[in-house]
Amino acid sequence: MAVVPEEMTCLLKEKENEGYTLLTRPVPVPGPADVIIKVDRVSICGSDINLWKWNDVARVIATVPFIPGHEATGEVVAVGSGVTEVKLGQRVAVENHYYCGTCYQCKEGRGDICQRLSQYGHGRGTDQGGCCQYSCVPARFCYVLTRDLTPDQAVLLEPMGVAHNAVENISVAGEDVLVLGCGPVGLFAIAVAKAIGAREVYGVDVDPERLSLALQMGATEVINGAKENITSVVMNLSNKNGVGRIVEASGAASLLNQSFSWLRKGGQMVLIGLPKEPLHVENVLTDVVFKSLTLKTVHGRRIFHTWEECERLLADGLVNVGPVVSHRLPMTQYLHAFNLLMTGAACKIILDPQH
């Protein structure tokens, strides 16, 4: 049995201002329904940048004080007196959407869109997060790993799950898929779409390095939106019909506003990105209504269906997350990590809280 110390190192968002603080705190004590996880890895998400800056998005999604980091994995080193779902020594990843279990959506099996959603790593209903050496998590939000995944694979189950949920929602098998935005989640969407049967997958971005990663993740072709006319390229690739499926992962309102014209009639679109500006469709009749389109959105993963599917894809070698990870750093180098991300010099960064 692992020996749990009395104190730990963690990052903390103490006030509504920019940055985090690295400090020492007592290791939390589990309640009857909780477990303590020795965190092996935590990865940084785009929302963590918003939390770092404490911008308008952060004010909507988070509440101080909290330990950041909602993508975390590790080993269970202590369990509460009433825990039956998880055992000591098991490797787990954290489902960061803490559902209430009693609202309409939860009763319908949709805890991922709970009306009273709390969130690990965001200060919503818990001050806990993964940027610490030991984290207290309710056992029901732990996904127990059943396959022999590496720590890097395990910590990326959460963001990969968002992409999988999106792709699965628009039935990509046998279809041509256009992925807008080749950040980490967009790259996962490309890989998952190929793995579950998409005929062709095209990636759109303005960063040549991201487009190179898209090809490594399985994109059939890539489109540089800064140098090419996206409409012309898409219509040439689709024999002037438009693509059957679009995954919007950029969060760029200007790109999303154009994208309806790139769908063929009867096409489907799913939104993952977080636009910070109003959406506007110029030709609503011809580009939306008369096309008989389907528009879907996702918020997180289907619990725990998506986790199981992503774990299977990784364990069976159908998706390789390696190209997405640009840096692996000790958590003590968090300042360097966030500087890399905010200057665009990194893709996905994984931190080791134990160092």
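Student: Is Arg-59 buried, exposed or partly exposed in this predicted model?
Tutor: The model is predicted, so its values are computed. Buried means under 20% relative accessible area and exposed means over 50%. Arg-59 has a relative accessible area of 47%. That makes Arg-59 partly exposed.

Student: How many salt bridges does the structure hold?
Tutor: The cut-off for a salt bridge is a nitrogen within 4 Å of a carboxyl oxygen. The structure holds 13.

Student: Which residue forms a salt bridge with Glu-95?
Tutor: Glu-95 lies in the loop between E5 and strand E6 (97-98). Its partner lies in the loop between E15 and helix H11 (305-315), so the pair ties together parts that are 206 residues apart in sequence. The closest N and O atoms are 2.9 Å apart. The partner is Arg-301.

Student: Are Glu-95 and Arg-301 buried or exposed?
Tutor: Under 20% counts as buried. Glu-95 is at 0% relative accessibility. Arg-301 has a relative accessible area of 1%. So both residues are buried.

Student: How many residues apart are Asp-127 and Arg-25, which form a salt bridge?
Tutor: Their closest N and O atoms are 3.7 Å apart. Asp-127 is in the loop between strand E7 (118-119) and E8, while Arg-25 is in strand E2. Asp-127 is partly exposed at 32%, and Arg-25 is partly exposed at 25%.

Student: Which residues are linked with Glu-175 in a network of salt bridges?
Tutor: Here the salt bridges join into a network. Besides Glu-175, its members are Asp-176, Arg-245 and Arg-264.

Student: Which side chain of opposite charge is nearest to Lys-291?
Tutor: Lys-291 lies in the loop between helix H10 (284-287) and strand E15 (294-297). Lys-291 is buried yet has no salt bridge. The nearest side chain of opposite charge is 4.3 Å away, and the cut-off is 4 Å. That side chain belongs to Asp-287.

Student: Which backbone oxygen lies 2.9 Å from a polar atom of the Lys-291 side chain?
Tutor: Lys-291 touches several residues, including Trp-262, Leu-263 and Thr-286. Its side chain also reaches the backbone oxygen of Ser-261 at 3.4 Å. The oxygen at 2.9 Å is that of Phe-260.

Student: Which backbone oxygen does the side chain of Ser-238 reach?
Tutor: Ser-238 is in the loop between helix H8 (230-237) and strand E13 (243-248). At 8% relative accessibility, Ser-238 counts as buried. Not counting residues up to four places away in sequence, Ser-238 touches Asp-176 and Val-243. At 2.8 Å, its side chain reaches the backbone oxygen of Val-234.

Student: How many disulfides are in the whole structure?
Tutor: Take Cys-10, which is buried at 0%. The closest cysteine sulfur, in Cys-132, is 6.4 Å away, too far for a bond. Cys-114 is in no disulfide either, as the nearest sulfur, that of Cys-100, is 3.5 Å away. A search of the whole structure finds zero.

Student: How many residues are in the largest nonpolar core?
Tutor: In soluble globular proteins, nonpolar side chains tend to be buried together. Here, Val-35, Ile-37 and Val-86 are among the residues with the most contacts inside the core. Strand E3 (34-43) and helix H12 (334-342) are among the elements that each supply at least two of its residues. The core has 52 residues.

Student: Is Thr-84 buried, exposed or partly exposed?
Tutor: Thr-84 lies in the loop between E4 and E5. Its relative accessibility is 68%, and the cut-off is over 50%. Thr-84 therefore counts as exposed.

Definitions and conventions: Residues numbered from 1 in each chain as written. Predicted model: local features only at pLDDT ≥ 70, side-chain atom pairs only at ≥ 80, totals over all residues. Heavy atoms only, no water. Core = buried A, V, L, I, M, F, W, Y, C linked by side-chain atoms within 4.5 Å. Buried < 20%, exposed > 50% of the residue type's maximum accessible area, 1.4 Å probe, protein only. Helix = DSSP H or I, 4+ residues; strand = E, 2+ residues; numbered from the N terminus. Disulfide = S-S within 2.5 Å. Lys, Arg positive; Asp, Glu negative; His and termini not counted. Polar contact = N/O pair within 3.5 Å; in protein donor to acceptor, adjacent residues only side chain to side chain. Contact = heavy atoms within 4.5 Å.
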